[in-house]
Amino acid sequence: MNNQGSLVVVSGFSGAGKGTLIKALLEKYDNYALSISATTRQPREGEADGREYFFVTREKFEQMIKDKQLIEYAQYVNNYYGTPKQYVSQKMAEGKDVILEIEIQGALKIKEQFPEALLLFVVPPSAGELRRRLLRRGTESMEVIQARLCRAADEAQGMSSYHYLLINDDIDTCVEDMHQMIRLQRFRTTTNQDFIGKMQKELNATVLITGQLSK
Ligand code: 5GP
């Protein structure tokens, strides 16, 4: 079977809890690696360069695009965000399942480039619950909450492009569901073309040999 790790895209509405979910998954299982994106946005309080993101200038980001160092990139609210290629290929070669926490434009580019990638979309159980969660955080103004809900309504248009929905009702159940969805990737026929080719050749040879022996 294929020993290469798989590529897993995780998107979801702001407030759906995808960050918490990914953190819990990484703590529970050691077969995962989380890709760290490059961005031109300013670090928020508590964020460190090389941990949440690689914070770079616009010039540096555009150079990275030119040098083909990114697997995908997108503009999101006036800033660039992109996935550096090197870390992802290295970790996949080591057999790690690499998680990309990215928005939908990037997710669709990954789907085009890597048809075997798994695309997951994290949603809260209902729109009402999303609103409640955003209000409960208590850190944002009504205006910001309204903007996030508007964005969620836009993003909901693209949900059918993803393979699976992860309904984040109970965090432990959701982590387990996510782990199982990713685990099954390893058995997909599309990711095991080498194995299939080898099996077909061996079967043909076996048929030949058995045929000769039975003469
Ligand atoms: P934030 O500024 O809140 O950290 O991220 C804004 C959005 O950018 C989120 O939806 C996040 O998933 C997305 N994002 C983060 N890194 C990347 C990336 O490398 N590529 C793309 N396409 N989106 C990203």
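## Surface and overall build

The protein exposes about 12900 Å², and carbon and sulfur atoms supply 53% of that area. The model is predicted. Of the 215 residues, 38% count as buried. The C-alpha trace spans about 85 × 40 × 30 Å along its principal axes.

Eight helices and nine strands make up the secondary structure. Among contacts with a separation of 6 or more, 67% join residues 24 or more positions apart. V144, in helix α6 (residues 142–155), and L213 are 69 residues apart in sequence, yet 76 Å separates their C-alpha atoms. V144 is partly exposed, with a relative accessible area of 33%.

## A nonpolar surface patch

M1, L184, F187, F195, M199 and L203 form a nonpolar patch on the surface. Together they have about 590 Å² of accessible area. Helix α8 (residues 193–213) gives the most to this patch, with three residues. F195 lies in α8. At 37% relative accessible area, F195 is partly exposed.

Nonpolar side chains tend to be buried together in soluble globular proteins. Here the largest nonpolar core has 39 residues, and M178 and I182 have the most contacts inside it. Strand β8 supplies the largest share of this core, six residues. M178 touches V10, L21, I22, L25, I99, L120 and L166, leaving out residues up to four places away in sequence. A second, separate core has six residues, including V56, F61, L70 and Y80.

T83 sits in strand β6 (residues 79–84). T83 is buried, with a relative accessible area of 0%. Beyond its neighbours within four places in sequence, T83 is in contact with S35, S37, Q69, L70, I71, E72, V88, L100 and I102.

Helix α1 (residues 18–28) buries K18, L21, I22 and L25. These residues lie on the same side of α1, because they cover an arc of only 95 degrees around the axis. On the other side, T20, K23 and E27 are exposed.

The buried residues of α1 pack against strands β1 (7–12), β2 (32–34), β7 (97–101), β8 (118–123) and β9 (164–167), and against helix α7 (171–185).

## Salt bridges

Side chains of opposite charge can pair when their charged atoms come close. The whole structure holds 11 salt bridges. One of them joins the side chains of K18 and E101, at 3.9 Å from N to O. K18 lies in helix α1 and E101 in strand β7, so this pair ties together parts 83 residues apart in sequence. K18 is buried, at 16% relative accessible area. E101 is partly exposed, at 37%.

E27 also forms a salt bridge with K23, with the closest N and O atoms 3.6 Å apart. Both residues lie in α1, four residues apart, about one turn of the helix. K28 and E176 meet through their side chains in a salt bridge of 2.8 Å, N to O. This pair links distant parts of the chain: K28 is in α1 and E176 in α7, 148 residues apart. K28 is exposed, at 51% relative accessible area, whereas E176 is partly exposed, at 25%.

Technical notes: Residues numbered from 1 in each chain as written. Predicted model: local features only at pLDDT ≥ 70, side-chain atom pairs only at ≥ 80, totals over all residues. Heavy atoms only, no water. Patch = residues over 30% accessible without salt bridge, like charges linked within 9 Å, V, L, I, M, F, W, Y side chains within 5 Å. Areas by Shrake-Rupley, 256 points an atom, 1.4 Å probe, with all protein chains shown as cover. Salt bridge = Lys/Arg side-chain N within 4 Å of Asp/Glu carboxyl O. Helix = DSSP H or I, 4+ residues; strand = E, 2+ residues; numbered from the N terminus. Buried < 20%, exposed > 50% of the residue type's maximum accessible area, 1.4 Å probe, protein only. Arc of directions from axis to C-beta. Contact = heavy atoms within 4.5 Å. Core = buried A, V, L, I, M, F, W, Y, C linked by side-chain atoms within 4.5 Å.
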